[in-house]
Amino acid sequence: MESFAYSAPATRVIFGSGTRASLADEVRRLSCHRALLLSTAPQRGEADTLAADLGPLAAGVFAEATMHTPVDVTAKAVAQVRMLDADCVVAIGGGSATGLGKAIALHTDLPQIVLPTTYAGSEATSILGQTEGGRKTTLRSPKVQPEVIVYDVDLTLTLPPQQSAVSGLNAIAHAVEALYAHDRNPVTSLLAEEGIRRFAQALPRLIAASDDRSARSDALYAAWLCGCCLNAVSMGLHHKLCHTLGGMFDLPHAETHAVILPHAVAYNGPAAADAIQRIALALGATDASAGLFDLANRLGAPTSLAALGLKPSDIDRAAAAAAETPYPNPRPLSQPALRALLDDALCGVRPTLTPSVWETSHA
Ligand code: NAD
């Protein structure tokens, strides 16, 4: 008999094409009347359009959302909220716009509506990462969980193919680690497998034709499933490594996930047979780690840390930092083994699980 604990957040999710037309109804449903629209600078046009659609329900637009949610930007946005007397925030964009909405909610308790335009999955979580003085810290709080997510597939059609690929691989990483999380449960594992399966099929299609609405819809649905996984269970080696590398060497977020994932799976494979089997099945591959590497390669995503600017002389420092603070992970952390993982990732070696691992997992 399996024992488990599972909590589902009280988030309302609207999914489809053209769903952004329901935004005014959603604002009113929250009993709000003065929404502050949030976006990055490049997506200001989208935020302005939503504000125009909302008419008197829009209090203003703040288009300074920035990657990794710097606290000084949040302070400026909170001042804007107070000045405009806003009673809810509406974030349109990827993890950066969503992160700003969450940071505002942390300070003000205002309700949030998110219209995601990437596959990062932040909209589905109660996790907030913030940076101050070059240091990134992460917290979990029910205060930052968005109340409403409006998934409108039309908003993802403009996401460039390369960004779609790395954003999708970033999302797959949430599902992969959910399958071997120490606090996994059968519900999250179902979501994870389906998320990986949908992405593995949709991403090559949307790289071939970025306006393929059916592929876009599958990818966005998969992003939600993967975001739910990230929210429900603990992440392990892969996420900690990416966090370390991103923080120490300022590597790009989604690209770092794309490179590290096959190597993290190869590292954990010997200690996570069931997860390895489920990941391989979802990918339609024999070997889960090689399958993830091949998918990244096929999508034209980066497959080496060297391509992201990491130098061989950085590896020792990264391995030491990654082994420093213990956390639950299927295979114990060992600095020499982590160094070997990082060496392979630096050079873009195609990782493989030894046949004994996948034979056990396929038995
Ligand atoms: P992003 O939000 O920074 O977007 C990257 C760029 O792409 C931005 O300039 C954005 O304006 C643009 N863009 C986004 N969607 C577009 C579209 N459809 N068309 C054209 N341009 C578009 O990137 P991201 O990868 O979505 O988010 C990364 C951030 O999210 C990081 O700070 C990461 O730490 C955070 N994150 C947080 C969580 C969480 O649960 N807290 C989960 C995943 C990621």
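**Charged pairs and ring pairs**

Arg 197 and Glu 194 both sit in helix 6, residues 186–208, and they are 3 residues apart, about one turn of the helix. Helices here are DSSP runs of H or I with at least four residues, strands are E runs of at least two, and both are numbered from the N terminus.

Before I go on, the ground rules. This is a predicted model, where local features need pLDDT of at least 70 and side-chain atom pairs count only at pLDDT 80 or more, while totals for chains, interfaces and linings use all residues. Residues are numbered from 1 along each chain as its sequence is written, and side-chain values use heavy atoms, with hydrogens and water left out.

What do the side chains of Arg 197 and Glu 194 form? They meet in a salt bridge, 2.9 Å from N to O. The term means a side-chain nitrogen of Lys or Arg within 4 Å of a carboxyl oxygen of Asp or Glu. Side chains of opposite charge can pair when their charged atoms come close.

How accessible are these two? Arg 197 is partly exposed at 33% relative accessible area. Glu 194 is partly exposed too, at 22%. The cut-offs: buried is under 20% relative accessible area, exposed is over 50%, and partly exposed is in between, with a 1.4 Å probe and protein chains only.

This pair does not stand alone. Glu 194, Arg 197, Arg 198, Arg 205, Asp 212 and Asp 218 are linked in a network of salt bridges. How many salt bridges does the structure hold? The count is 16.

Two further examples. First, Arg 350 and Asp 294, whose side chains meet in a salt bridge at 2.8 Å, N to O. This pair links distant parts of the chain: Arg 350 is in the loop between helix 13 (335–347) and helix 14 (355–362), Asp 294 is in helix 11 (residues 288–299), and they are 56 residues apart. Arg 350 is partly exposed at 43%. Asp 294 is partly exposed at 32%.

Second, Arg 339 and Asp 343. Their salt bridge is 2.6 Å, N to O. Both lie in helix 13, 4 residues apart, about one turn of the helix. Arg 339 is partly exposed at 27%, and Asp 343 is partly exposed at 28%.

Now the rings. Rings of Phe, Tyr and Trp (its six-membered ring) pair if their centres lie within 6.5 Å; planes under 30 degrees apart are stacked, over 60 edge-to-face, the rest tilted. That rule gives 5 aromatic pairs. One of them is Phe 15 with Tyr 221, edge-to-face, 6.1 Å centre to centre, 85 degrees between the planes. Phe 15 is in strand 1 (residues 12–16) and Tyr 221 in helix 7 (residues 213–232), so the pair ties together parts 206 residues apart in sequence. Phe 15 is partly exposed at 32%. Tyr 221 is partly exposed at 25%.

Next, Tyr 119 and Phe 199: edge-to-face, 5.7 Å centre to centre, 65 degrees between the planes. Tyr 119 is in the loop between strand 5 (112–116) and strand 6 (127–132), and Phe 199 is in helix 6, so this pair ties together parts 80 residues apart in sequence. Buried or exposed? Tyr 119 is buried at 0%. Phe 199 is buried, also at 0%.

Phe 15, Tyr 151, Tyr 221 and Trp 224 form one aromatic cluster.

Last, charges over rings. The rule is NZ of Lys or CZ of Arg within 6 Å of the ring centre and within 35 degrees of the ring normal. Lys 240 lies over the face of Tyr 327, 5.3 Å from the ring centre. The charged end of Arg 331 sits over the ring of Tyr 267, 4.0 Å from its centre.
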